[in-house]
Amino acid sequence: MAERFMISTSTIRNYEANGLIPPAERSPNGYRRYTDQHAAYLSCIQAMAPAFGMEVTAEVLRCIQQDQQQAAMWIIREREVSLYEGKQKLERLIQDIQSYTQDYITSNAEEPLTINEVSRLTQAPRSAIRYWEQAGYITAERDPGNRYRRYRAYHLLTIRLIQVLQNFVYSEDTVKLKQSIAETEHSHLNLQELLNVAENSRAYLDKMLEFQLCGISHLYQLIQLTKKKR
């Protein structure tokens, strides 16, 4: 089974220990015996994990083993809706970046924002904004008189993009997208770089949509198989 799915035997044992696949029966000599049902679970894991993450995948497969197919499907539907909502937010953000790039107000005339105002406008906690600044995703200006943080409209656009990325399934691609934000020079004169990251994020969402459809297909096959086993 490990050779079939190109994974280690310890990975299969871990899946079994953590309830992602049903317990295997034992042969008289103590070896585990795996069936087509185990293969369906492993296939489902490999198809669903890239689209939904291991945490959601594990929750869904445990529901299947507990004969809670409807609960499993509603968990997946919630993630589908989340992906769609992320796509909508990203499309609006891309439009706003394009609009701001074309018609931005010069930084001398633009009224700066406090961290409280930024938090209110973006619904991002102040602690998150400070963390993103420490991580290099945004670079706030400082008031020369009191050293308070000052933010501009392009900071709001960057924060909105970070918020969208926060809801993506963790992967090497999402790490690279966040690194691209950190590498972007924080200025209204370099919003084209931010726009590029946003458009790359849109391409990533398109890929995730395909991954989700693939994962759902394997989940459906698993559900049909478990129904036959009843």
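## Ala71 in helix H4

Ala71 lies in helix H4, where helices (H or I, at least four residues) are DSSP runs numbered from the N terminus. Ala71 is partly exposed, with a relative accessible area of 32%; buried means under 20%, exposed over 50% and partly exposed in between, using a 1.4 Å probe and protein chains only. The C-alpha atoms of Ala71 and Val60 are 7.9 Å apart, although the two residues are separated by eleven residues along the chain.

Please keep in mind that this is a predicted model: local features need pLDDT of at least 70, side-chain atom pairs count only at pLDDT 80 or more, and totals for chains, interfaces and linings use all residues. Residues are numbered from 1 along each chain as its sequence is written, and side-chain values use heavy atoms, with hydrogens and water left out.

## The largest pocket

Let us turn to the empty space. Rolling a probe the size of a water molecule over the atoms shows where such space is left. On a 1 Å grid over the protein atoms alone, a pocket is an open set of points where a 1.4 Å probe fits, with protein on both sides within 12 Å along at least five of seven lines; lining residues have an atom within 4 Å of a point. Grid points are joined across faces, edges and corners, and a volume is the space filled by probe spheres set on the points.

The largest pocket has a volume of about 370 Å³. It is lined by 20 residues, and the closest to its centre are Glu85, Gly86, Lys89, Val164 and Asn167. Helix H3 (36-65), helix H4 (69-103), H7 and H9 each supply at least two lining residues, with the largest share, eight residues, coming from H4. The lining divides into ten nonpolar, five polar and five charged residues. Here Ala, Val, Leu, Ile, Met, Phe, Trp, Tyr, Cys and Pro count as nonpolar, Asp, Glu, Lys and Arg as charged, and the others, Gly among them, as polar.

## The second largest pocket

The second largest pocket holds about 170 Å³ of space. H4 and H9 each supply at least two residues of its lining, and H4 gives the most, with five residues. Among the lining residues are Met73, Trp74, Ile216 and Tyr220. Seven of the lining residues are nonpolar, none are polar and two are charged.

## Helix H7

Ten of the 14 residues of H7 are buried, so this helix is largely enclosed by the rest of the structure. The buried residues include Tyr154, His155, Leu161 and Val164. The expected span of a helix is 1.5 Å times one less than its number of residues; for H7 this gives 20 Å, which agrees with the 20 Å between its end C-alpha atoms.

## An aromatic pair

The count of aromatic pairs comes to one. Rings of Phe, Tyr and Trp (its six-membered ring) pair if their centres lie within 6.5 Å, and planes under 30 degrees apart count as stacked, over 60 as edge-to-face and the rest as tilted. Phe168 and Tyr204 form a stacked pair, 5.1 Å centre to centre with 25 degrees between the planes. The pair links distant parts of the chain, 36 residues apart: Phe168 is in the loop between helix H7 (153-166) and helix H8 (172-183), while Tyr204 is in helix H9 (residues 191-229). Phe168 is buried at 11% relative accessible area, and Tyr204 is buried at 6%.
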